[in-house]
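Have the viewer open as you read.

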Amino acid sequence: MPDRSAVAYFGAGPAPLPTEVLLKGAEAFVNFQDTGLSLVEISHRSQTATQVLTDTKAALTTLLEIPDTHEILFMHGGGSGQFSAVVLNMVAVWVEKRRRESEEETGGDPQRIIERVRKELRDTLSLDYLVTGSWSLKASQEAAKLLEPLGSNFVNVALDSRRSSAGKFDNIPPEDTWNLTPPRTKGGKISAFVYYCDNETVDGVEFPRFPSCLQQRPENPSDEVPVIADMSSNFLSRRVDVSKHAVIFGGAQKNIGITDVTLVIVRKDLLSTQPSSSFLHSVGVWSPPTIFSWPIVAKNNSLYNTMPIFSIWIAGEVMRGLLETHKHRQLAGQEELANMKAKQIYDVLDRYPDVYQIVPNRPVRSRMNICFRVRGGDGAHEKAFLEGAEAQLLQGLKGHRSVGGMRISNYNAVDLARVRRLTAYLETFARDNKP
């Protein structure tokens, strides 16, 4: 049986964790801080649990330089759960903005307010999605399904990168080709939000930077289109300007920790821009389920129901480890390291184009999930590649079942030594398997 140090794991998620975090976790699983209790046994209402949440929030705030305008939530359901939570919470925000406008303009007549908001909902609601891969596609499909009882024209796929790439998710077209909902000052609808997935785990496509066209400063604050980002698979791998986002979310099981907890960073003003459930229902909109309601989760310090305190503590240990490693450089240091590791891998793949074919176009290549084919996707060669890698304890290299091929997940816990072992194998295999 191999020792842990002998294995280099490149799986896309659940992803590897730093060994030192796992060792601390093993101790906490049996006897946390000499309490005689496992961290999975203590009450989520206890002072210990509250301290775990406080410490993890503090570490994340420091790493991402989260401003006071935003709140950190710990939730259930993974990134996929937030596909629904985003729609239900943000449509509620949209409805409340329309309700407040209608209240002023109708003199506060309750029935007229309901009728007006109901009409605006049918005529002007829009949800903008930038579809650049499998996960943003699933998110847009979830939105359409949730809003289907109201009609079929609410989801605006402002970008579907397959349309310019022969049906493949391998590129992000120029921003001036995106079909975002025009502002109502220009006769357009009223977009509840614009949604993008910063890094597509399945397809290996990553936004190289925050889209400039989403940096809005509308004259009327009610015309703002909040920006929502799924950062599940590149979370804490580079610096992020949180202030440009209304909501950032990510499942923990890639760069942050283990499954069972989802991190949501939400702008505080959204938490107070919510109508009553009865008003939502009166205009034909579902209210968010309680455990997916951001305001309720925030009000209860993420403890409305039993949260996995152990998972949150693991995430906190990972974050504190990053702070200890990079000190005052924080995520700038981790970004530099992630870029260096990705460059070493891509350099080898590019050196042997007859053997390795990288899937995404160069400008949008993911630093986290490096997707490629071996010998044009030839089954025998790809099988041989995986078998050879496994023999050297290089594991988790098989691509997602929906697209096939190979995928190297270069998450934060994959150290430089393991990347060098992998690149040595890539070199050897390429030399031995040239056409």
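Lys-138 lies over the face of Trp-135, 5.8 Å from the ring centre; such a charge over a ring has NZ of Lys or CZ of Arg within 6 Å of the ring centre and within 35 degrees of the ring normal. Arg-98 sits likewise over the face of Trp-94, at 5.0 Å. This is a predicted model, in which local features need pLDDT of at least 70 and side-chain atom pairs pLDDT 80 or more, while totals for chains, interfaces and linings use all residues. Residues are numbered from 1 along each chain as its sequence is written, and side-chain values use heavy atoms, without hydrogens and water.

**Aromatic pairs**
- The whole structure holds 16 aromatic pairs (Phe, Tyr or six-membered Trp rings with centres within 6.5 Å; planes under 30 degrees apart are stacked, over 60 edge-to-face, the rest tilted).
- Tyr-129 and Phe-193 are edge-to-face because their planes stand at 75 degrees, with centres 5.6 Å apart.
- This pair links Tyr-129 in strand β3 to Phe-193 in strand β5, 64 residues apart (strands are DSSP runs of E, at least two residues, numbered from the N terminus).
- Tyr-129 and Phe-193 are both buried (under 20% relative accessible area, 1.4 Å probe, protein chains only).

**The loop between β13 and β14**
- His-400 lies in this loop and counts as buried at 17% relative accessibility.

Note on methods. Helix = DSSP H or I, 4+ residues; strand = E, 2+ residues; numbered from the N terminus. Buried < 20%, exposed > 50% of the residue type's maximum accessible area, 1.4 Å probe, protein only.
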